[in-house]
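Subject: Structure handover

Hello,

Please find the structure below. Some notes on its helices follow.

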Amino acid sequence: MSTQLPKGMEHHPDILALREHAEAVTSTTAAQGTEALAICTGLFLAISPWVVGFTAYPGLTISNLVLGIAFAVLMAGYGPAFGRTHARAWACVAIGAWTIIAPWAVNGGAHVRRTILTNVITGGVMTCLALAAVGLAFTGMTGMARRRD
């Protein structure tokens, strides 16, 4: 009678504990709300040139469209695979920061009040939501470390 332990890192107790933690975090209202708001914010950024009316600036229009879709897609990955994708939130923080400075970086001196307001407010919300997603990944981790000791 042989009792052979499973081999490989996927069966390591720490990996299993992290997966359980990720599953618990994903099921919270805060995580689901953050994900839903982030997806809506990304989609708003993507359509904002047409909604707000600054399609006369093609560089900013393309930037908002591409980055809005990218933000929504990256943030949508948290629900089904939070344990493996929460690191994407750092890329979303960068997208949010770029969104804030894009009216000046892309358009140079040719910008109007509505492009600035739209991008600064939307970029700020995006950055906050991405930082919230990063923070959710670490909630309860100190308790896990204490239980192992």
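Helix α2 has a kink of about 60° at Ile 47, shortly before the proline Pro 49. The bend at a residue is the angle between axes fitted to the seven residues ending there and the seven starting there. Helices here are DSSP runs (H or I, at least four residues), numbered from the N terminus.

This is a predicted model, in which local features need pLDDT of at least 70 and side-chain atom pairs count only at pLDDT 80 or more, while totals for chains, interfaces and linings use all residues. Residues are numbered from 1 along each chain as its sequence is written, and side-chain values use heavy atoms, without hydrogens and water.

α2 covers residues 29–53. Its 25 residues reach 35 Å from first C-alpha to last, close to the 36 Å expected at 1.5 Å a residue (1.5 Å times one less than the number of residues).

Pro 103 is buried, as are Cys 92 and Asn 107, among others. After α5 comes Gly 108, with a positive phi near 65°.

α3 (residues 58–76) packs against α5 (residues 88–107) at about 170°, with axes 10 Å apart. Axes are lines fitted to C-alpha atoms over the stretch in contact, and angles run from 0 to 180 degrees between N-to-C directions. The two helices are therefore roughly antiparallel (over 145 degrees).

Regards

Key: Angles under 35 degrees count as roughly parallel, over 145 as roughly antiparallel, 65 to 115 as roughly perpendicular and the rest as oblique. Buried means under 20% relative accessible area, exposed over 50%, partly exposed in between (1.4 Å probe, protein chains only).
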